[in-house]
Amino acid sequence: MLKIYVEGGGQRDDLKTKCRQGFSKFFERAGFKGRMPRIVACGSRNDAYDSFCTALKQAKSDEFPVLLVDSEEPFDPQDAPWVHLKKRKGDSWDKPEGASDEHVYLMVRCMEAWFLADKRCLEKFYGQGFHTNTLSQRTDIENISKQDIFTGLANATRHCKTKGSYNKGNHSFDILALLDPQRVVAVSPHGKRLIESLLQKG
């Protein structure tokens, strides 16, 4: 069984539930129906890493734990994921004993970058008052800075009366649940790696 240890949900149980539901819906849409991975919402990225390390040590023969976190920063294509996470000052994580690159996946540079791959989903979610043209129009979503992503989301949703401005806690996992994974895969090399690799293991 695939178990995906993902950062998200903070310290609130209700947000962790929404995190699990959002990722579950995303993976179901990506083709995992009937062989769904178990989503473990861990809160902070450090908690996700610690939980993954523990799970890797204790994994049974039919369990395959996976770590899924934001890259937070630009990703050097010459680096393996564990190298990126070791080099990043905010992490400095060691690759656990027994882990390979098949155990770790990155959302580059953050989960919200995926939203820009499916602007029609955002339009449908926010409805009247949503301004798509304030979002970055770049198709290489992994090269858009986090600041530009969040500024764009704030500006695009500023006049939305029903949902209000983008709020990570209230909106992010609901949007994730509605995304078209194929649109993400089409413009996100790391998203493509995540889906294709895990489908082979599922």
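Select E63 and K3 to begin: these residues form a salt bridge, with their closest N and O atoms 3.3 Å apart. A salt bridge here is a side-chain nitrogen of Lys or Arg within 4 Å of a carboxyl oxygen of Asp or Glu. E63 lies in the loop between α2 (45-58) and β3 (64-70) and K3 in strand β1 (residues 2-6), so the pair ties together parts that are 60 residues apart in sequence. Helices (H or I, at least four residues) and strands (E, at least two) are DSSP runs, numbered from the N terminus. In the whole structure, a search finds 16 salt bridges.

The model is predicted, and local features need pLDDT of at least 70, side-chain atom pairs count only at pLDDT 80 or more, and totals for chains, interfaces and linings use all residues. Residues are numbered from 1 along each chain as its sequence is written, and side-chain values use heavy atoms, with hydrogens and water left out.

Next, select α1 (residues 13-32) and α7 (residues 168-178), whose axes, lines fitted to C-alpha atoms over the stretch in contact, come within 7 Å and cross at roughly 20°. Because angles under 35 degrees count as roughly parallel, α1 is roughly parallel to α7. Residues of α1 including L15, F23 and R29 meet residues of α7, among them G169, F173 and L178; contact means heavy atoms within 4.5 Å.

Finally, select S136, in the loop between α5 (119-126) and α6 (146-157). A polar atom of the S136 side chain lies 3.3 Å from the backbone nitrogen of R138. Apart from neighbours within four places in sequence, S136 is in contact with L116, K119 and I144.

Methods. Polar contact = N/O pair within 3.5 Å; in protein donor to acceptor, adjacent residues only side chain to side chain. Axes fitted to C-alpha atoms, helices over the stretch in contact; angles between N-to-C directions. Parallel < 35°, antiparallel > 145°, perpendicular 65-115°, else oblique.
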